[in-house]
Amino acid sequence: MGIRRWIAALTAVFVVGGGAAGCSARDSTDATIDVDAAVALADQPIQLRVSGLRARETVTVASQAADLRGQRWSGEATFEADGDGVVDLTRSAPVSGTYSGADGMGLFWSMWPATGDPERAWFSPGYPDAMGAYEVRLTVTAAGREIAARTVTRQWIAPGVTHRALTPGADGVAGVLFLPAAGAERRPGVLLIGGSEGGIGSRYDAALLASHGHPTLTLGYFGAPGLPETLRDIPLEYFATAARLLSGQAGADPDGVVVNGYSRGTEAALLLAQYYPDLVRSTILYAPNDRVWPSFPDRVGNAWTLGGAPVPQSAIPVTHVRGPVLTIAGGDDKLGPAAEQAQRIMQRLDDANVTAAHQTLIYPDAGHAVGTFPHLARGTFAGALALGGTRRADAAARSDSWPKVLAFVAA
């Protein structure tokens, strides 16, 4: 090779490579990830900002976390930095990625599992009474090179919050009771009633509500030790017992509980507000039913009883409801016409001249997974059941409704 050709070839290497293999002179070699709360409750949105980039540089910001089984979940979004070399995820829409549109928490709810269909997968970081937090690793990549990394911690339980399991034999009900730190201001207790999945669920919700100062009982009423195997002939008196137990806690406001039902649990919640109005100060109904449906899963018997007699399988009366009612539903719920039923409950309250405030939140593109707390990756299927909606619409609904629910509970 002649000397001139050798010099030309060497010059080309440095122009293309920028002095390092695979890195252009226009690419950053480091950056800074700034967050306003590196450790925060899992329902708290955080402000995420990347700085130290070159103006208009293209970078990829990614998230990664492990679920209860150790499976890796990840999300990513590619951005163009602004003229100051900054990407503010709250204001910047990604060019591409696992979500679209400006969304400061998009990298959290849009994570995908390493294997399997993300529409059928729900991120489970571990029960809050077993794991107090989970971590999400954030990275910034430019030209295929990682130039920044940071880990944020998402907590389920605030300092001082305690929890204990309740059993039918010892306590008269089955569930988990979460209590705020000792000495906290008295606030309304929240009774959580799940749906036809049975067992004792909603631990995340209960932990977060207690972390916000509300004594919370997530109640099992079938499908758990000491309880009926199926949703059949469940006494409403059982829910009244749970409400009294919760109201009697040291940190609970004694003037009734907030009863919060989801799906089939909304029947029990609304019936409790109707037949035990002195125990219920307000009612929250997610993906609600406005009538009593048959037993589950056989669908041939009665779901509920009162005074030993079946509760009629008909429209749920609201004539004795004394407190505010909030209904939340997705317009694309594939398990039932939740939006229409939510609106019928509102109309029925109006017709009954219930003077307490009542309102409905309808999210047209969300499905049955319209609630509850935000920022956690969830699919649009539960087992073989299509829940409707989209991951984005469900996440947006939860992000919008959760602060309103917290305000409603505290009122």
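Biologist: Which residues lie nearest the centre of the largest pocket?

Modeller: Keep in mind that this is a predicted model. The largest pocket has a lining of 48 residues. Nearest its centre lie W122, G195, E197, Y262 and H368.

Biologist: Which elements give two or more residues to the lining of the largest pocket?

Modeller: The pocket itself holds about 1400 Å³ of space. Both helices and strands contribute to its lining. The elements giving two or more residues are strand 13 (190-193), helix 4 (203-211), strand 16 and helix 7.

Biologist: How many residues of that lining are charged?

Modeller: Sort the lining of the largest pocket by class.

Biologist: How many residues in the lining of the second largest pocket are nonpolar?

Modeller: Two residues of this lining are polar. Two are charged. The nonpolar ones number five.

Biologist: How many salt bridges does the structure hold?

Modeller: One of them joins R164 to D171, with the closest N and O atoms 3.6 Å apart. The structure's total is 13.

Biologist: How far apart in sequence are the parts that D255 and R322 tie together?

Modeller: D255 and R322 form a salt bridge, their closest N and O atoms being 3.4 Å apart. D255 sits in the loop between helix 5 (236-247) and strand 16 (257-262). R322 sits in the loop between strand 19 (309-310) and strand 20 (325-330). The pair therefore links parts whose separation in sequence is 67 residues.

Biologist: Is D290 buried or exposed?

Modeller: D290 meets R344 in a salt bridge of 2.8 Å, N to O. R344 is partly exposed, at 39% relative accessibility. D290 has a relative accessible area of 5%. Buried means under 20%, so D290 counts as buried.

Biologist: Which residues are linked with D290 in a network of salt bridges?

Modeller: D290 lies in the loop between strand 17 (280-286) and strand 18 (304-306). One partner, R344, is in helix 7 (residues 338-351), so the pair ties together parts 54 residues apart in sequence. The residues linked with D290 in the network are R344 and R348.

Terms used:
Residues numbered from 1 in each chain as written. Predicted model: local features only at pLDDT ≥ 70, side-chain atom pairs only at ≥ 80, totals over all residues. Heavy atoms only, no water. Salt bridge = Lys/Arg side-chain N within 4 Å of Asp/Glu carboxyl O. Helix = DSSP H or I, 4+ residues; strand = E, 2+ residues; numbered from the N terminus. Buried < 20%, exposed > 50% of the residue type's maximum accessible area, 1.4 Å probe, protein only. 1 Å grid on protein atoms, 1.4 Å probe; cavity = no way out; pocket = protein on both sides within 12 Å on 5 of 7 lines; lining within 4 Å. Points joined across faces, edges and corners; volume = space filled by probe spheres on them. Nonpolar A, V, L, I, M, F, W, Y, C, P; charged D, E, K, R; others polar.
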